Structure formats: C-alpha cells, structure tokens
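The exercises below are meant for a reader who is meeting this structure for the first time.

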Amino acid sequence: MSFQPVKFYQTGTYTVGNRLLTPEEHSVQSGQSRNNSINSGHRACQGCGEALGARYAIDAAMAESHGQLIAANATGCLEVFSTPYPESSWQVPWIHSLFGNAPAVATGIAAAMKVKGKHDVRVVAQGGDGGTTDIGFGCLSGMFERNDDVLYICYDNQAYMNTGVQRSSATPPAARTATTMPVGAEPGNAFGQGKNLPEIAMAHGIPYVATATVADLRDLEYKVRKAMNIRGARYIHLFVPCPLGWGTASHDTIRMARYAKESGLFPVFEAEHGEVTGVLKIRHKISVEEYMQPQKRFAHLFGKHAHPETVARIQAIADRNIRKYGLLDQEEVA
Amino acid sequence: MLKQTEGSKAVAESIALCRPEVICAYPISPQTHIVEALGEMVKSGDLTPCEFINVESEFAAMSVAIGASAAGARAYTATASQGLLFMAEAVYNAAGLGLPIVMTVANRAIGAPINIWNDHSDSLSQRDSGWMQLFAETNQEAVDLHIQAFRLAEELSMPIMVCMDGFILTHAFERVDIPSQEQVDAYLPPFEPRQVLDPADPVSIGAMVGPEAFMEVRYLAHAKQMQAIERIPQLAAEFKQQFGRDSGGLIRTYRADDADTIIIAMGSVLGTIKDTVDEMRDAGHKIGVLGIISYRPFPLAQVRAALIQCKRFLVLEKSLAVGMGGIVATDVRMAVTGTGLKGFTAIAGLGGRPITKASLHKLFLQAEQEALPPVTFLDLDWDAVNKQLERERKTRRSGPIAENILHDKGIVSAKFG
C-alpha cells in the first residue's frame, strides 16, 4: 500500500475530518467495523435526513453496545422505507408494532432482557415526530417516568411525512403542510405554545436528554455513545430535514439542519437529570429568514405577499432560544 | 391444594404457577385483584424471575407484552371492558405478529353509559382480532384454563384471552383446587419462541406487507385457530390425566343426550341454567344444556353434533349485536345450517342485569313451546323503554337517555340487584 501524506485541507470546515484525529477519536461511521445497521437499498427519498440520522445513531449504539442491540420502531417513514416486504435494511434485531407504542414495546423488550439476565443487551426505540410528540406521547412519558432502560430517539422532520406532509405538534408556526395550507389571514400552521419534547423529557428528570442535528454527525455519535453508557430512560431528539415535506433541494439537507441550529430555532444541547449540562454554541449566527427562505413550506412568508411580521415572530422564538440556552458567546450577544 | 379463595386470587396463583416472565398491569375493574396479587408476589420475591411493570394505559400494557413476548419472554396481562377497547389496536397487532400472550379478560359491559358490571360485550368485540377466547364457567375452570392457555398459545404462537365473568367469578369466594408447581411444570414446558429478537441472529419483525402476502398471513391466523380446534380437546384430555379433573375443551353438554330443547350459553350463567334445567327435568321436561368454552375458535362441527338430535335450541347470551340481535346466536345458527332446527335468541344480563332462575324458567318453557320471537330481551323494562321513545317523539331536546331512564325509574344512583 502506498503512503499517502496527510493533507490539512479540511481545516475550518464542518466535515468529519478523521485524518486530523487519533484513531481512538475516529467516528464510528468512518471505521471499518461499523455495523451498517440500516443498510443500503432502502426506499428513503434522496437527501432524507432521517435515513442518515438513523444510520449514524444506530451504528453508534451498536458500536457502544458491542453489537448487543435490539431496536423497536414506530410506524412512519423510517419503518416503511426500511422494511418493504420481503426486504429489510436492518442488520440489527428489529421490531415494528404500532404507530404509538414504540416506547412501550421497548420497555417490554428491556424487561425481557432483564428477566433473562441478558444485561449486556441494550434497547433502542425510535420514531418520527408524529410517533413521538403526538400519538406515542403517552407511552413515551410512561417509559420516562418508570425510568425504563431504553434509549428513545426521535427523528424530528416536523410533520407527518409518511402520510403526505400533515401537521404534527412538532410542526413550526407558519409552516405549510397538507393540513395547514398557506391560505387565509394567517397562512400556514398556527402559532401555538409549541411542544418542546426535549424539555418535557427533562421535566421527567431522566438521566440523559440531548438534541442533535444531522449537520453535526460527530456530535450525534458522541451523544448516542454517551447515552449508551447510561442506564435508565434516555432521550435524543434529532433534527432531520425532509426535502419532500419541506420543499428543499435534496443536497440541502445538511445545510438546512445547520441553519436551524445556527439561527437558534433548534437549540442543540444535552441535559442530565433535568439540568442542561452543555450547549453547542452558534458558530456563525444567521437570521431565521436565511433558514426559512430556501424552504417551500415557508414560501408564502416571502416575495410579493410577504408576511414580515410573521417572520419577526419566528425570529423572536429564535432569539428567546438563544437567550434561554446561551447559544451565543457573550460578546456576540452584545 | 384445596382452598377457599377469591376467583381473582386463585387466577393470580394459577398465573404464578405458569412462571410468567413479564406481567404488565393497568388498573380496571373488575380485573384489578388479579394483577394486585401478582404484583405482591413479584415484589415479595415469591414469583421470580419476573418483571412486574405498572404501565400508564392498557394500550401500553399490551404493547409492553408485545415487546416482551417478541424478545422471548412469557408475557401476561389482564384487562376488561374499556381497557380492552383502549388496547384494541395492540390486541390485533399481537395476533398479527403471532405472539403467544395470555390475557385474562374479566368480562364487563362497555359504556356509555359507563357500567362496571358483567356482560360479554368486551371480549366479543375483539372476536375477529385473531385471539383465541376461552370462557370459564367456574373459578376452578378459570384457574385451569390459564394453564392450558399458555400451553396452547405457545404451541401455536398465537395469543389467548381467558374470559371470566367480572365480579360473578372474579370476586366470588369459593373452593378452588390450586395445582402444585410440579404438576404445572410437568404440563407446561418452558416457552420456546418461534421468533425472537436476538442480537446473535437478527431478524426484522413487523415489516410492511402489501397485497402480495397479506392474505396469506391473515389466512395463517385462521389456520392456527383451526389447529386449535384439534388441540383444545387433546390438551383438556391431557390436563384431566395430569390434574384429575374435567376443565376446558371446546364445548360441554349437560343432560343433553335425549333433550328436545337445548339451552346454549357461555360463562358462569351456565350454573344458573343447569339449576333451572335440573328443576325442569324433575318436572319431566326434556331439556338440556350446551356450554361453549371455546368461543374462538368456534367449534362449528362440535356444536352441530351436540344439537343435531334436538328439536329446538335457545342461545342465551350476554351480548348484543346492535341492529341485528345475537352475536353467539349467529355462530350457532351457522353451525346448524341446513338442519331445519328451530333456533331462538335471548339477550340477557347486559350491564350486570341479574339473570334469575325464575326468569329462565319462564323463558325456557316458552322456548320449549316455540312461543318466542326470534330475539327476546330477557327482563327488559318495556315501560321504561316506551316512555323514553314517547319522550323522543314529543320533544326534540329530550335529553340524555340514561339519565332519563334512571329518573323515570326513580333511581338516584345505580343499584345492583
């Protein structure tokens, strides 16, 4: 094998950049022993943030559990595109039961492992934002409250994409969906109070809660691996843009995820036992407009019949997040 | 061991003897005493190894059981009424996935109006879910059916409901013979799953299935129940050999051999029916009884054979197919297709309405004389019904039905009996 000299061209970018790191610091995904937990050949759309997130998250969980992992999956895109009969992309033992019960199914699996003395086998449950913040909310809260030994991962693409882009309780205000059309005096989704699942998870006092985006996959791997080293109920809320539902270019998935974080609309943080222990600071702050404008679901807020007051309300949400989580270094805030 | 005990406690002891590994509990009357007793056994260490999980809903209870069963653990839960309906989606799912969960249904009416008393509306509403349903006549049979249920469920890899009448059985104290651990161990082998979530041999369970295979999967659920028709009598015979008593099976007849009139029913009401039939036999009436233990699978051939010699039958059921009539009666009529047998249906005991020997006696005499309409509502208060119908004819805003009827009857709070 010929020797390839180290190049430092990746400096200053957001890429994984293994070449600059010691082998121990290499990402799971760049390693030859990665599990390919959700294998190629599935039916996800081009640029699917959820497929990417699931691949990284479950591979990291597999690495950390030394291959002793069982996954429960809620109904949704991830389930449908990964298991079209008679094929399956899953290289881990995997079960899909219903839309609203993945946390409870995972509890059952964890109980079975405990009763059989298989303490090394770990359990992950996963679902979309609909399966998590809406229909599976009761089961999720129960799983948290009992502190069952399950890592739950929510892949949040902010609407029911599998059924054709309908509003969920994770859909942001003003966003166009099939059930919140951009018509009338206040086009798009109504401004509600929001349903901040990471904070609700924290309110249960569970050992670990984290948010992440597919724009920072190293951070995602770190959080999954950290979560896998903790026993009890753990929750990771992963922001996964959906080109189909958002009306964005498939090559913009990572950019959209990064903009969500850099605008302050999606705070990236981790919390232990209900207290925030770390935040990922905004590196290059952008306005919410920069994040929203490339997305067709917000197109009605811009252009000829623009709604600048609505954009301002959304900017206020981002600003509040920035204050609340301390997303900017002090000098930048000033 | 013989003991005087509550039905629920006896069932809990029976479940414990079956060595369940995961038990999920959510409170709903009248099944609560069963899981309460099991919870205490697990917490005290008397039942080990076993995980007892207090869940936040019946939907979660069945879902936890699904996860546990798919991961290879023997899973059990109990429910009733609204709870069964609340978990209905997961009930179908457990059967569709072919997971051998055993669940006690302490049969109770379904609201509105909310009612905690016994009838069979709840489990019968899950008739087509793919679950087998075995109905206990006595607390002894409830104890025994659970042991047989785990064996049958795991053999076929399909779930089973053991149905016992809420309050009438669950809360009744009577003498029950609780088997020994050795007896149960000899009858019920450890759970060897057909499919299991195992990191050493990863499989996907619950994949999306389109038109190309869905019918086959569904047919196989039917085929499993057809196998159960064969296995249920064999397992009952083996049970008798090991435990020394008749329990379970598909059907059970009583004084039916030379009967011209046969009364058909499920569950604890068979006791009152048998007492009534005894009295009528003493008075020279040729009347007998057919108890259906296995409601699903429904033993069409066995029911037909049991009825073929009689002249007429009456199905007395604690359930109502609104807009049609009887639920069990429909199945019985299917069983006797082409025989020309005269059949009647009596809807009785809905919402815990007492089914008295006096009423049954009158009803059976009318059946014997073939002087009944196709569907009879036993002890229905026609005055109350007609008064409400009249009220609705006269007034557009006639008000809530249940409250009107309670008011007409002068009842302040619902009184039982």
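**Exercise 1.** In this predicted model, determine which strands of chain B helix 3 (residues 102-115) of chain A lies across, and then find which helix of chain B packs on the sheet and touches strand 2, strand 3, strand 4 and strand 5 of chain B.

*Solution.* Begin with chain A, where helix 3 lies across strand 2 and strand 3 of chain B and runs at about 155 degrees to strand 3 of chain B. Turn next to chain B itself, where helix 2 (residues 32-44) packs on the sheet, touching strand 2, strand 3, strand 4 and strand 5 (102-107), with a direction that makes about 135 degrees with that of strand 2 of chain B.

**Exercise 2.** Describe the open sheet of chain B that has seven strands, and explain why one side of each edge strand is left without a neighbour in the sheet.

*Solution.* Write down the strand order, which is 3-2-4-5-7-6-13, and note that the pairing is mixed. The edges are held by strand 3 (51-54) and strand 13 (294-296) of chain B, and because each has a single partner strand, one side of each is left without a neighbour in the sheet. From one strand to the next the twist averages 20 degrees. As an example of a pairing, strand 2 (residues 22-25) and strand 4 (residues 75-79) of chain B run in the parallel sense over three bridges, and Ile23(B) has Tyr76(B) in strand 4 of chain B as its bridge partner.

**Exercise 3.** Work out how many residues each chain brings to the contact between chain A and chain B, and which element of chain B gives the most to the side that touches chain A.

*Solution.* The count is 37 residues from chain B and 37 residues from chain A. On the side of chain B, the elements that give two or more residues are strand 3, helix 3 (58-70), helix 5 (88-97) and strand 9 (204-205). Of these, helix 3 of chain B gives the most, with nine residues. Sorted by class, this side of chain B has 24 nonpolar, eight polar and five charged residues.

**Exercise 4.** Follow the open sheet of nine strands, whose order is 8(A)-7(A)-5(A)-6(A)-4(A)-3(A)-1(A)-2(A)-9(B), to the place where strand 2 of chain A joins strand 9 of chain B.

*Solution.* Strand 2 (residues 94-96) of chain A and strand 9 of chain B run parallel and are joined by two bridges, with Trp94(A) standing opposite Ser204(B). Strand 8 (275-279) of chain A and strand 9 of chain B stand at the edges, each with a single partner strand, so one side of each has no neighbour in the sheet. Helix 1 of chain A, in turn, lies across strand 1 (69-73), strand 3 (122-128), strand 4 (151-156) and strand 6 of chain A, at about 165 degrees to strand 4 of chain A.

**Exercise 5.** Decide whether helix 9 (residues 253-263) of chain A is largely enclosed by the rest of the structure or largely open.

*Solution.* Nine of its 11 residues are buried, so helix 9 of chain A is largely enclosed by the rest of the structure; among the buried residues are Met256(A), Tyr259(A) and Lys261(A). The elements of chain A that cover the buried residues of helix 9 include helix 1 (49-64), strand 5 (208-213) and helix 11 (308-325).

Definitions and conventions
Residues are numbered from 1 along each chain as its sequence is written. Chains are lettered from A and ligands numbered from 1 in the order in which they are written. This is a predicted model: local features need pLDDT of at least 70, side-chain atom pairs count only at pLDDT 80 or more; totals for chains, interfaces and linings use all residues. A residue is buried if 20 or more other C-beta atoms lie within 10 Å of its own, exposed if 12 or fewer, and partly exposed in between; C-beta atoms are placed from the backbone. Helices (H or I, at least four residues) and strands (E, at least two) are DSSP runs, numbered from the N terminus. Two residues are in contact if their C-beta atoms, placed from the backbone, lie within 7 Å. Two strands pair if DSSP finds at least two bridges between them. Axes are lines fitted to C-alpha atoms, for helices over the stretch in contact, and angles run from 0 to 180 degrees between N-to-C directions. Ala, Val, Leu, Ile, Met, Phe, Trp, Tyr, Cys and Pro count as nonpolar, Asp, Glu, Lys and Arg as charged, and the others, Gly among them, as polar.
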